[in-house]
Each structure stands twice: as C-alpha cells, then as structure tokens.
Amino acid sequence: PVFESGTPQNNYDIKLTSNNNLAFVFSDQRNFIDNDIYFQLFNNSGTTILSEPVLVVDNFFIDDNVKFIESDHNGNVLIVYDSGDFSGTRAYAVLVDEIGSLIWDSPIRLSLYESDQFIKGLVKTESGFFVMWADQRSGSADIYGQMIDFNGNLLGSEDGIAISSQANDQQSPTMSYNQVNDNIIVCWEDFRNGVDFDIFCSEID
C-alpha cells in the first residue's frame with residue numbers, strides 16, 4: 001500500500017510530474033471524522049521520496065475528495081477537489097510543490113456562486129489549467145468551468161464560465177485540450193429537448 005492508516009482511503013489520482021516523479025494524491029479518513037487530502041511522491045524507480053504522505057487539505061467536519069491532479073512546468077502539482085458537508089459541495093483547487101508545501105497562500109474556490117458543484121475534468125493548457133464541473137445552480141445539471149493561470153489567478157468570471165446551461169440536464173462531460181490550436185473541446189450528454197439525450201460539443205478558446 002501507499003500508506004497503511006487503518007482507515008478508509010479513496011478518491012485518488014496519479015500523475016507524472018514535469019520532473020519525472022510520480023505524484024500520488026488521495027483522500028484519507030484517518031481522523032475518523034472526515035476526508036482530508038494527502039500527498040506522496042515517488043521517483044522513477046517507484047521509491048517514496050517523502051517519508052510519509054503529507055497532509056495538504058484539512059477542514060474539520062468537511063469531506064475533501066480528490067478528483068484530478070496535474071503538473072505545471074516546474075514539477076508542482078495542482079490538486080482539484082470537491083469540498084462538501086451537509087450544506088453542499090463546492091469546487092476547489094490548490095497548488096503544492098514536490099514536498100507537499102502550499103505554493104498559493106490557500107486553496108482557491110473556483111466559483112463563488114452558492115450551488116452544488118462536482119468536478120468532472122481537468123486539463124493543462126499553454127496558459128494554465130482549465131477545470132470543469134457539474135453545477136446545480138439552475139435546479140438541473142449544467143456544465144461550468146474555470147481557467148486558472150499558473151500563478152493561481154482565476155481568468156474567468158468569479159461565478160464560473162457557463163459551458164452549457166440549457167434547459168433540463170447536461171451530464172457526463174468529457175474534455176480534451178488541442179495543443180496545436182490551443183483550445184479545449186468539451187462534449188456531454190444533453191437532455192435539452194426533454195425527450196431523449198443527444199451528444200453536444202463546444203469549443204473553448
């Protein structure tokens with residue numbers, strides 16, 4: 001095991017960093033109360049670089065669940081995660097270096113709009129990171145996103161960028177970054193006609 005805590009570990013992701021180390025980030029309930037986020041790093045031989053996983057995100061009585069991670073050009077690791085309790089779930093991001101120390105002052109909330117948000121995707125582009133999530137602000141499932149530059153600044157609206165907010169549900173989104181054209185393609189299942197689901201796609205530049 002990566003770490004034997006004797007408590008549930010779940011919601012993980014792995015990514016090869018730009019320094020050719022393997023970052024492993026996971027949620028752990030070792031405090032017996034809620035899920036917190038831990039960081040471990042392996043070299044290219046599979047040996048742990050850190051003596052034990054480093055606690056990165058810890059919010060009392062709030063479950064912080066890792067969704068995706070990505071590396072910047074300096075070997076730092078962006079972690080995007082759902083953070084929620086009985087009052088709802090919000091989308092967050094945090095950047096750490098290769099020893100698990102925070103680079104930005106604190107985690108960044110990706111949208112200030114008070115609605116349930118569940119992260120569905122993350123890509124790295126030439127100018128930063130794009131995060132996509134399912135959003136319930138309209139009363140049905142919509143798709144929103146946010147662009148973060150490498151310094152931790154939000155480049156989209158503080159409420160998020162609407163990718164699709166049509167009537168009824170838009171769900172199961174996927175996305176891919178086109179490095180040649182420097183744009184992002186998002187596709188999803190769409191129930192806007194109220195009869196059946198169709199596949200729609202949108203380009204984000």
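Two strands are said to pair if DSSP finds at least two bridges between them, and strands themselves (E, at least two residues) are DSSP runs numbered from the N terminus, as are helices (H or I, at least four residues). The structure described here is a predicted model, in which local features need pLDDT of at least 70, side-chain atom pairs count only at pLDDT 80 or more, and totals for chains, interfaces and linings use all residues. Residues are numbered from 1 along each chain as its sequence is written, and side-chain values use heavy atoms, with hydrogens and water left out.

The chain contains zero helices and 15 strands. Four of the strands form an open sheet in the order β5-β6-β7-β8, with antiparallel pairing. Its edge strands are β5 (63-71) and β8, each of which pairs on one side only. Strand β5 and strand β6 (residues 77-85) are joined in the antiparallel sense over eight bridges. Within this part of the model, I69 stands opposite I79 in β6.

The overall dimensions may be considered next. The radius of gyration, taken over C-alpha atoms, is compared with a globule rule of 2.2 Å times the number of residues to the power 0.38. For 205 residues a compact globule would have a value near 17 Å, and the chain, at 17 Å, agrees. Along the principal axes, the C-alpha atoms fill a box of roughly 55 × 40 × 30 Å. Contacts are defined by heavy atoms within 4.5 Å; among those between residues at least 6 apart in sequence, 39% join residues at least 24 apart.

Burial is judged by relative accessible area: under 20% is buried, over 50% is exposed, and values in between are partly exposed (1.4 Å probe, protein chains only). By this criterion, buried residues make up 46% of the 205 residues. Accessible areas come from the Shrake-Rupley method with a 1.4 Å probe, and for residues only the protein chains shown count as cover. The chain exposes about 10000 Å², of which carbon and sulfur atoms supply 47%.

A salt bridge requires a side-chain nitrogen of Lys or Arg within 4 Å of a carboxyl oxygen of Asp or Glu. Seven are found in the whole structure. One of them joins the side chains of R90 and E114 (2.9 Å, N to O). R90 lies in strand β7 (residues 88-96) and E114 in the loop between β8 (108-109) and β9 (117-124), so the pair ties together parts that are 24 residues apart in sequence. R90 counts as buried because its relative accessibility is 14%, whereas E114, at 54%, counts as exposed. Both residues belong to a network of salt bridges that links R90, R109, E114 and D116.

Another salt bridge is formed by R30 and D28 (3.1 Å, N to O). R30 is partly exposed at 21% relative accessible area, while D28 is buried at 0%. In the salt bridge between D190 and R192, the closest N and O atoms are 2.9 Å apart. D190 is buried at 0% relative accessibility, and R192 is partly exposed at 30%.

The surface also carries a nonpolar patch. Patches are made of residues with over 30% relative accessible area and no salt bridge; like charges are joined within 9 Å, and nonpolar side chains (Val, Leu, Ile, Met, Phe, Trp, Tyr) within 5 Å. Y12, I14, L16 and L22 form this nonpolar patch, with about 390 Å² of accessible area together. Strand β1 (residues 9-16) supplies its largest share, three residues. L22 is placed in strand β2 (residues 22-28) and, at 31% relative accessibility, counts as partly exposed.
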